Amino acid sequence: MSYSQFTTDEHGHSLPRAITTDTITMHAPAVADISLVAELMGVPAEAERPAEIIATWQEHWDEHGYGTLVIRDVEGDAVGFVGLRAHAQFIRLTLRTVETAGSRALEARALRLATAYAIEWLPDLPVRMRIAPEDAATRSTLESAGMVHVTDLDHTTDEGDWQVLELPYVRVAQRIPSRAREAMLAMWVEVNDAGGAVGFLPGASAQEVAPVLDGYATRTEAGETACVSLNSPVGDLLGFGFVVGSTGQLTRHGATFERIMTDPARRGTNHGALLMAGLHRAARERDVELVTLDYRGGTGLGEFYTRYGYAEVGRVPGALRVAADDDRDGVIMARSL
Ligand SMILES: CC(C)(COP(=O)(O)OP(=O)(O)OC[C@H]1O[C@@H](n2cnc3c(N)ncnc32)[C@H](O)[C@@H]1OP(=O)(O)O)[C@@H](O)C(=O)NCCC(=O)NCCS
């Protein structure tokens, strides 16, 4: 997955206008996309309304530096869009695709990409989508992108009842309060027990993990490290990781990501992607230009990080002894931001 076609918004922030993956691409709308809108509306491409809609989308991009993303399939055909529209207190998501056998899977993929894009690049506002209560298919697509039903936001309009789902948000802490510390410690122990490669083996106790977590807390308070957490809109901790800055005179533009983990009970719901997006945003805000990280060989994690632009730059054979007869490589990956 990669971002391209960068422009600068009204606040001087750089924002990409395109997302490219092996399977689909998403990009800011162009006049040629009138035919997609016409197809979705079931009207001729020459009708006035599709052209007006594209013009409105383009105005939104011009004003805010982001907006609706047109989805293209692997053949390059425009097959739908993810709307991202600025409201005063939040960003509204919408999703439409041309109905085909594979359109549900395509919508899910597009939404996972668009939500990670929102966390990494868009203004720090809640991202919400509303659905009709009976629309179970869309609800499941939104949940697979990590979105959560926030019952307090449900409402009724002239068109009927709406349920509102919201995207988890990222918090970058300079201090780890005690309640957050407890939740992080509990998650770290669970992640170890589930076989996660974050410095321990299954069965490590909270007493063993706590000093390592507290070391990060101390370095976070000292400003050397940023603690990046992914949180559910209803308050649960979903994942976390650390951006560890470099203090060397010649290496200050670099940082290392450490202890990246998500709640084992909710894997596969885009939280890893959202957390990586939050780590990249936090690192960029700290003027980091180069990120390194390492992982335990034999875990498949190289594939996970490759998705987010990392490449293997080194490998220390047998660096990690996970059992008497099981040495694993320490693998180092890097990417520029
Ligand atoms: C690695 C980790 C953070 C990924 O989080 P997650 O919540 O499972 O990630 P997502 O649901 O966002 O998955 C993103 C994509 O990566 C893929 N993926 C996730 N974990 C993977 C792994 N270990 N190997 C290969 N691919 C992986 C998913 O299949 C998904 O692909 P899709 O979008 O095509 O469906 C999580 O598995 C974890 O906490 N692992 C234990 C701790 C750990 O080992 N951390 C690494 C320290 S270096």
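**Exercise 1.** Work out how the shell around the ligand splits by class, and which element gives the most to it.

*Solution.* Start with the classes: the shell holds 11 nonpolar, 9 polar and 5 charged residues. Keep in mind that this is a predicted model. Next, look at who lines up closest: 25 residues surround the ligand, with Ala197, Ile260, Thr262, Ala273 and Gly300 the closest. Then go by element. At least two shell residues come from each of β14 (254-262), α7 (271-285), β15 (290-296) and α8 (301-307). The top contributor is α8, with 5 residues.

**Exercise 2.** Find what lies by the oxygen atoms of the ligand, and say how much of the ligand the protein covers.

*Solution.* A polar backbone atom of asparagine 270 is 3.0 Å from a ligand oxygen, and for histidine 271 a backbone N or O atom lies 3.5 Å from one. Now the side chains: arginine 307 has an N or O atom 3.2 Å from an oxygen of the ligand. As for cover, the ligand on its own has 920 Å² of accessible area, and the protein covers 79% of that.

**Exercise 3.** Classify the ring pair of tyrosine 3 and tyrosine 117, and say which elements it ties together.

*Solution.* The whole structure has 13 aromatic pairs. In this one, the ring centres are 6.1 Å apart and the planes sit at 45 degrees, so call it tilted. Tyrosine 3 is in strand β1 and tyrosine 117 in helix α3, so the pair links parts 114 residues apart in sequence. Buried or exposed? Both tyrosine 3 and tyrosine 117 are buried.

Technical notes. Residues are numbered from 1 along each chain as its sequence is written. This is a predicted model: local features need pLDDT of at least 70, side-chain atom pairs count only at pLDDT 80 or more; totals for chains, interfaces and linings use all residues. Side-chain values use heavy atoms; hydrogens and water are left out. A residue is near a molecule or strand if one of its heavy atoms lies within 4 Å of it. A polar contact is a pair of N or O atoms within 3.5 Å; within protein, one must be able to donate a hydrogen and the other to accept it, and residues adjacent in sequence count only if both atoms are side-chain atoms. Accessible areas come from the Shrake-Rupley method with a 1.4 Å probe; for residues, only the protein chains shown count as cover. Helices (H or I, at least four residues) and strands (E, at least two) are DSSP runs, numbered from the N terminus. Ala, Val, Leu, Ile, Met, Phe, Trp, Tyr, Cys and Pro count as nonpolar, Asp, Glu, Lys and Arg as charged, and the others, Gly among them, as polar. Rings of Phe, Tyr and Trp (its six-membered ring) pair if their centres lie within 6.5 Å; planes under 30 degrees apart count as stacked, over 60 as edge-to-face and the rest as tilted. Buried means under 20% relative accessible area, exposed over 50%, partly exposed in between (1.4 Å probe, protein chains only).
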